[in-house]
Amino acid sequence: MAVTNESHPKEFILLGFANHPWLELPLFVTLLITYPMALMGNIAIILVSTLDPRLYSPMYFFLKNLSFLDMCYTTSIVPQMLFNLGSSRKTITYIGCVVQLYVFHIMGGTECLLLAIMSFDRYVAICKPLHYTLIMNQRVCILSVSIMWLTGVIFGFSEATLTLQLPLCGTNKLDHLLCEIPVLIKTACGEKEFNELALSVVCIFILIVPLCLILASYVNIGCAVLRIKSSEGRRKAFGTCSSHLIVVSLFYGPGISMYLQPSSSITRDQPKFMALFYAVITPTLNPFIYTLRNKDVKGAFKKLLRSIFSSK
């Protein structure tokens with residue numbers, strides 16, 4: 001095996017499901033179907049939110065950012081997965097691994113923060129409806145998204161850079177489907193305690209703190225909904241929040257299981273299934289969750305389709 005220096009190989013071998021080769025074909029077919037669906041669904045959300053004036057509100061501004069994040073997130077790993085699953089070569093170049101590491105973790109960390117901002121938006125809309133336009137004005141929305149992106153980039157970039165400093169001592173096999181920080185830390189040799197501590201600290205700020213804010217927002221929303229006297233009002237309030245709650249559960253559940261669960265209790269294949277869940281399944285389902293449960297988005301999407309077909 002040729003190496004660029006004594007610690008970094010030219011390429012990594014991604015073992016994936018080498019111990020379950022029968023999974024490769026079903027997984028390849030599934031990704032071949034879900035990846036285009038994820039791209040088309042998220043592009044559709046971005047288009048209707050941009051083109052339909054009825055969707056010029058903070059909620060859809062944040063939803064556009066979520067769709068963009070999901071597209072980048074899933075694109076950073078799925079094409080490489082498809083290549084590896086569809087061929088006998090299960091490799092990724094060192095540069096490819098580095099790019100994947102940065103993009104994957106920057107987008108993932110930023111999405112954690114965005115889901116917290118979206119929950120705060122729902123809290124203000126339901127608990128303080130009279131002050132909603134004052135609190136969630138355009139300046140506040142742009143500022144919050146800018147801070148979100150900056151924070152996500154800083155945390156993702158710094159943690160990925162720190163991980164890449166670890167020596168690999170010639171090892172070029174990763175027991176995973178992609179280049180992910182916990183797997184690289186586990187594969188590295190030498191002293192890793194500082195990296196493990198740094199990852200734990202980052203996870204507290206990127207996963208735990210936003211999740212606590214989300215839970216606090218929905219506790220207040222729940223109390224406010226219970227005070228609504230009309231059943232129609234309660235149903236409408238619940239409908240505006242249920243989509244976001246489903247997305248939060250799909251994203252945070254596997255993420256916490258992967259990054260905060262003690263490594264001694266994680267089975268060999270668990271990280272692979274978790275990565276597939278929060279990096280492939282969730283970005284694919286998000287557009288459908290928001291579209292199927294939202295009359296405004298469905299109406300805007302139908303309007304867009306009518307305008308496309310009528311122009312032809």
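## Lining of the largest cavity

By class, 13 nonpolar, six polar and one charged residues line the largest cavity; Ala, Val, Leu, Ile, Met, Phe, Trp, Tyr, Cys and Pro count as nonpolar, Asp, Glu, Lys and Arg as charged, and the others, Gly among them, as polar. The lining comprises 20 residues, and those nearest the centre are His105, Gly108, Gly109, Ile206 and Tyr259. Two or more residues each are given to this lining by helices H4 (94-127), H6 (138-164), H8 (193-227) and H9 (231-259); helices are DSSP runs (H or I, at least four residues) numbered from the N terminus.

## Basis of the model

This is a predicted model, in which local features need pLDDT of at least 70, while totals for linings use all residues. Residues are numbered from 1 along each chain as its sequence is written.

## Cavities in the whole structure

The whole structure holds three cavities of 30 Å³ or more. A cavity is a set of points on a 1 Å grid over the protein atoms alone where a 1.4 Å probe fits but cannot get out, and its lining residues have an atom within 4 Å of a point. A volume is the space filled by probe spheres set on the points. The largest cavity contains about 280 Å³ of space.

The second largest cavity has a volume of about 90 Å³. Its lining divides into six nonpolar, four polar and two charged residues, including Leu14, Phe17, Glu24, Lys90 and His176. Helix H3 (residues 78-85) provides the largest share, four residues.

## Helix H2

Helix H2 (residues 58-75) has 18 residues and spans 26 Å from its first C-alpha to its last, close to the 26 Å expected at 1.5 Å a residue (1.5 Å times one less than the number of residues). Because 13 of its 18 residues are buried, H2 is largely enclosed by the rest of the structure (buried means under 20% relative accessible area, with a 1.4 Å probe and protein chains only).

Technical notes. Predicted model: local features only at pLDDT ≥ 70, side-chain atom pairs only at ≥ 80, totals over all residues. Heavy atoms only, no water. 1 Å grid on protein atoms, 1.4 Å probe; cavity = no way out; pocket = protein on both sides within 12 Å on 5 of 7 lines; lining within 4 Å. Buried < 20%, exposed > 50% of the residue type's maximum accessible area, 1.4 Å probe, protein only.
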